[in-house]
Amino acid sequence: MLGWFSELKNYRQSLFIIMVLVFTMITVSFVYKYKIEEIMADALKQQIVLKSKGGLEAVNHNFNRIISVLNLASSNISKGISKGNYIGSTKTVETLNDITRVTGFLDIGITDLNDKVMYGFKLEEEDIAKLRNVYVGKTVVTVIASKYGGNYDVLIAVPVYVNQSYVRYALFIRATGEELIKYFNKYTLYDDDFGSSLSFLLYNMYDVVHINEKTQNRLLPKYTVRELVDNTRNRSSINISHRQIQNQVIDNLYVFQGNGLPAHYMSIIRLPYDGWSFVYMLPASELDTKIRAIMTMFGFLTIGTLVILTILLVYYEYTVETNRKKMYNLAYFDEFTGLPNRVNLRNNYKEVYESTYHDHIDKYYFVTVIISNFHMLHNLYGTEISNRFELKLASSMKQMESRLFTPYKGNNSYYAIIKADNRGEVEIALRKLFASAQSIDNIEYRSLFKAGVCSFTSSSMPHNIDDIMDKCSIALYDHKDENVNRNSIVFFVPAMQEEIIRQNNLEKELIPAIYNGEFLVYLQPKYDLNSNRLSGAEALIRWNYKLQRLLPPGQFIPVFEKNGSIAHIDNFIFVSILDLLKRWKELGYRLVPISVNFSQVQFRNPNLLRDLKHRIRGYEDIIRYIDIEITESSTIDSQETVLEILNELKEIGFKLSMDDFGTGYSCLSNISLYPFDTIKLDKSFVDKIDVNFRSSPDVMLVSDVIQITKHFGIHSLVEGVENLDQKNILRDLGCEYCQGYYYSAPLPVAEFERLLCEDKIFEDWR
Ligand code: C2E
Ligand code: MG
Ligand code: MG
């Protein structure tokens, strides 16, 4: 319940963070958009300025080159004249041809002071007038109108000196715009960053010459450029740079728009020739496109960052969420079965407990379930299969989950809270659970279950879940041994708790009771079936509890077996019998074998033999009258150790009997494996015998066991014979000895001694 809500809460938190991020980014973008645009534009404009400077250098360089070539030719012609060559002489013509070869300009000429063309290209009158300044020693770079194409050509002229003192002629070339482009391209490195949109113009107050071949198709009309340049003087446009470079004022970057010309950024630089300017232009749209591209990139970057941040945030949330879920599952669910665990049970119990105040109808049943034969399953099939049995139980419990049935898993046990009207309903539910969980595919063996149940009405519900669990556990472990081979359900009753307290007290009382002489030896006679003569006895303990009432062994032996203190009892009997036999011997009584019971707990004592040997010192001659009884189940645990101990006991001189043969895990091969003298068939054999049906399978079974013992030279004794018919059948089947109420119940020592001394043949009775 609290799970998905808190998840939602986390997602809502993330969503909120993302929204804040988006909002911040958008705000920042808006605030900075213009600022960034401005910065971009400034940077780009600076770039245009730098490029125009590059262009200016290139133009200067190229003009200087042409002028140098002309000056060189001029000085050659001067030298020739001083040697007597005339203008039209071969030498002079060669020099002029050199100019064409070097520069590629075809129209070359020489004029004299009187404006007379001495050689080569003939200039128009008005153009010749433009050469005036040459005669005072200046280099002229000017524009002349071309007669044919209507375009303007550039005229470059240098003086030709006579005797290096005065100017006599003017040496000139006429370059068309196309020729200039060709020439400049030969020597100029254009920076193509702005591509074809960049224009280089040469301009001199009157005329315009385009020198960028790429702009040829978009040549500006002459008047437009002039107007444009004139306009810049009004400073109505933006001026971002005004600098002095090489004594030239560079009035850079104006925005101009007019006369059908789209907005342009332009840079105008004055050249040192005759009022020429260098104009460098870039359409404003070009800059805008660039800025737009950058802004788009910026936008994408912003969106990209947002997307990445969102992905990171979502991923982070996802990881946190998965980890949180994992932690939650680890904390509240059993990893193996997926069922809610004990912590979950504890939490839920609070809810159940609190809800009982409003809810007075239901009864609450708390159940603890275990697979009682789990060890057996594990030993038989291994971990994998036994795990499948567990999972089957878990899945069956999950299937039953409802408002009335809530399953949980503890360490080795399973729990359920069942709401029901009566215990009958609970039993039905549990039987249904056991039936559906008992088997798994392909495995013959089945799970066996034990359930401990305790119930409460809403008003009797304890505050603490531990009280409930303890009660379930008491009920669970109160299962009687006869339930071992079937599913069983035990409901808790307060007497069970009292029994535990009683058992706990018994433990404390054991040692004081031994010193207080509360323990007594009783002897149950054994008879020879054929002769009806007393053949021995079994020593059985009795507790004269607080010297007030006799407790039968069933009330304390299992308790002491559980806690291991049974060894004190066994020793007490053992030592008592040693003394008894010794006394009988001294009194000259007939000595008969007396059996003493050895609990299987004793075989876990590594010093058992050492202690025994110590105890029998001085009793060596009566050892052979002591018969040690051990139950068949004692041999199961550690066969080899038990076999070793039994062999040693045998060697010392004790007799050995297998007690309670036929109960538990009977195995006929044990008869030959261990060095037993006698096999004591359990009372259950006799109980099954039908005295009127001698050929029944049960009778045949007893017969077979007796025959097998005979075969191995082992004596047979049947316990619990209660009537003459049983005795007769057993005798007829070949059984040698007998012990039971038919002959005698266990007797106090004095009574047994009387029987022993009388030494009468037992008289049958009905
Ligand atoms: P067990 O060794 O099998 O002893 C035989 C039990 O069967 C005795 O019960 C005996 O009184 C009872 N019994 C004998 N004949 C008959 C009969 O005809 N009918 C019926 N219904 N019962 C008969 P008891 O004395 O109550 O002893 C019970 C068990 O307690 C013994 O079974 C033995 O396992 C254990 N026990 C008794 N004394 C000692 C002891 O000193 N040490 C150990 N370790 N266990 C002892
Ligand atoms: Mg016995
Ligand atoms: Mg027995």
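Which residue coordinates both the magnesium ion (ligand 3) and the magnesium ion (ligand 2)? That residue is Asp659, and the two ions it coordinates are 3.8 Å apart.

Before I go on, a word on conventions: this is a predicted model, in which local features need pLDDT of at least 70 and side-chain atom pairs count only at pLDDT 80 or more, while totals for chains, interfaces and linings use all residues. Residues are numbered from 1 along each chain as its sequence is written, chains are lettered from A and ligands numbered from 1 in the order in which they are written, and side-chain values use heavy atoms, with hydrogens and water left out.

Let me start with the metals, where a donor is an N, O or S atom within 2.8 Å of the metal (3.2 Å for Na, K and Ca), and where sites may look incomplete because water is not among the atoms. The magnesium ion (ligand 2) is coordinated at 2.0 to 2.3 Å by Glu538 (OE), Asn597 (OD1), Glu629 (OE) and Asp659 (OD), and along the chain these donors follow the spacing E-x58-N-x31-E-x29-D. Within this set, Glu538 in strand S18 (residues 533-545) and Asp659 in strand S22 (residues 655-661) link distant parts of the chain, 121 residues apart; strands here are DSSP runs of E with at least two residues, helices are runs of H or I with at least four, and both are numbered from the N terminus.

As for accessibility, buried means under 20% relative accessible area, exposed over 50%, and partly exposed in between, with a 1.4 Å probe and protein chains only. Asp659 counts as buried at 6% relative accessibility, whereas Asp660 is partly exposed at 23%.

Turning to the strands, which pair if DSSP finds at least two bridges between them, S22 and S23 pair in the parallel sense over three bridges, with Met658 standing opposite Ile679 in S23. S23 in turn pairs with strand S24 (residues 715-719), again in the parallel sense, over four bridges, and Leu681 has Val718 as its bridge partner in S24. From S23 (residues 678-681), Thr678 and Lys680 point one way and Ile679 and Leu681 the other, all of them buried.

That brings me to Lys680, whose side chain meets that of Glu629 in a salt bridge at 2.4 Å, N to O, a salt bridge being a side-chain nitrogen of Lys or Arg within 4 Å of a carboxyl oxygen of Asp or Glu. Lys680 lies in strand S23 and Glu629 in strand S21 (residues 626-631), so this pair ties together parts that are 51 residues apart in sequence. Lys680 is buried at 0% relative accessibility, and Glu629 is buried at 1%. Another salt bridge joins Asp759 and Arg590 at 3.2 Å, N to O, and here Asp759 is partly exposed at 30%, as is Arg590 at 29%. A search of the whole structure finds 24 salt bridges.

Finally, the cysteines: with a disulfide taken as a pair of cysteine sulfur atoms within 2.5 Å, the count comes to zero. The sulfur of Cys738 is 6.5 Å from the closest cysteine sulfur, in Cys735, which is too far for a bond.
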